[in-house]
Amino acid sequence: MAYLAPAEFVSKMVDAGESKIFMSTRDTLVRAYMAGAILALAAWFAVTINVQTGQPLLGAVLFPVGFVMLYLFGFDLLTGVFVLAPLALIDKRPGVTLQGVLRNWGLVACGNFAGAFTVAVMMAIYVTYGFSTEPNAVGKAIGVVGENRTLGYQKYGASGMLTLFVRGMLCNWMVSAGVVGAMISTHVSGKVIAMWMPIMLFFYMVFEHSIVNMFLFPSGLLLGAHFTILDYLVWNEIPTVLGNLVGGLAFTGLTLYATHLRTAPKRDTEGAALLKRVA
């Protein structure tokens, strides 16, 4: 597969961030809506595999198909623009402002939620025959996920909140590595391989992804799970969004930018000084 050197794909990351900030409102919302919907379908698919086979690893191995599809189609997740858009601001691209970055994040978040919620409603209809029966096994499993990852954290108070935030950071460390993976190859096969591995890791390790959760938790509420909208927001979605922002930007965006595009001056060692004198 054709491989780009780190300095080349980090430049592409900055270019991509700039492009997303200047994208029209319509295109930003449509691309975010489709990204949220496709990722939600992939999450539903993975939970179905887990329930039917009893093998969480198999669901994790196949879940990345949704992430790969949405990035090959050029759609956007909030977790991706958390990393790319700020790089254009840090690089001082003309016309890029903090307001522009925040506008992009807000539009992508709204689009992702609308897409994920659409699939949540469709899934709830599917597993209950239009709300005329109890949820099937997959629907019940999704309800349990919602309860465990809201009330389950709440039970531990501040320690639970810290755990939730850290799981959010770890998640977008891996997910943003998948976003970068889509840029390090110019071949489809190379992009798919580079994206697949970190996404599989995050899903199997049960890290917290804000967009996947926009599907799982509203689904649980629609299917009668025993937690509230406030539980969902306070004990999952909001801390997860913050963890995703910090983890993706700190561990992927800034580290790559600082060490490959804005590198520090080389050390002036004795050997280097000797080479200068010889030259």
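## Reading a helix, a buried residue and a core

Colleague: Which are the buried residues of α7?

Modeller: In this predicted model, the buried residues of α7 are V138, G139, I142, G143 and G146.

Colleague: How should I read a pattern like that?

Modeller: Start with the general idea: an α-helix has 3.6 residues a turn, so residues three or four places apart point the same way. Now look at our case.

Colleague: How many residues does α7 have, and what does it reach from its first C-alpha to its last?

Modeller: Helix α7 runs over residues 137-148, which is 12 residues. From first C-alpha to last it reaches 16 Å, close to the 16 Å expected at 1.5 Å a residue. Have a look at the start of α7 too: there a side-chain oxygen of N136 comes to within 3.1 Å of the backbone nitrogen of V138.

Colleague: Which residues does N112 touch?

Modeller: Leaving aside residues up to four places away in sequence, N112 touches A32, Y33, A35, G36, D76, L77, L78, I211 and M214. Sequence distance and space can tell separate stories: N112 and L29 are 83 residues apart in sequence, while their C-alpha atoms are 8.1 Å apart.

Colleague: What about the largest nonpolar core: how many residues has it, and which have the most contacts inside it?

Modeller: It has 72 residues, and those with the most contacts inside it are F9, M13, F63, F67, F202 and F215. Helix α2 gives the most to this core, with 11 residues. Take F202 as an example: its contacts include F63, C171, M174 and V212, not counting residues up to four places away in sequence.

Colleague: Where does the UniProt annotation "transmembrane region" fall?

Modeller: The unreviewed UniProt entry places it at residues 30-49, 61-85, 105-127, 164-184 and 241-259. You can compare such a record with the model. Residues 30-49 are 100% helix, with end C-alpha atoms 29 Å apart. Residues 164-184 are 86% helix and 0% strand, and their end C-alpha atoms are 31 Å apart.

Methods. Residues are numbered from 1 along each chain as its sequence is written. This is a predicted model: local features need pLDDT of at least 70, side-chain atom pairs count only at pLDDT 80 or more; totals for chains, interfaces and linings use all residues. Side-chain values use heavy atoms; hydrogens and water are left out. UniProt positions are given in the numbering used here, feature names are shortened, and annotations may be inferred rather than shown by experiment. Helices (H or I, at least four residues) and strands (E, at least two) are DSSP runs, numbered from the N terminus. Contact means heavy atoms within 4.5 Å. The expected span of a helix is 1.5 Å times one less than its number of residues. Buried means under 20% relative accessible area, exposed over 50%, partly exposed in between (1.4 Å probe, protein chains only). A polar contact is a pair of N or O atoms within 3.5 Å; within protein, one must be able to donate a hydrogen and the other to accept it, and residues adjacent in sequence count only if both atoms are side-chain atoms. A nonpolar core is a set of buried Ala, Val, Leu, Ile, Met, Phe, Trp, Tyr and Cys residues joined through side-chain atoms within 4.5 Å.
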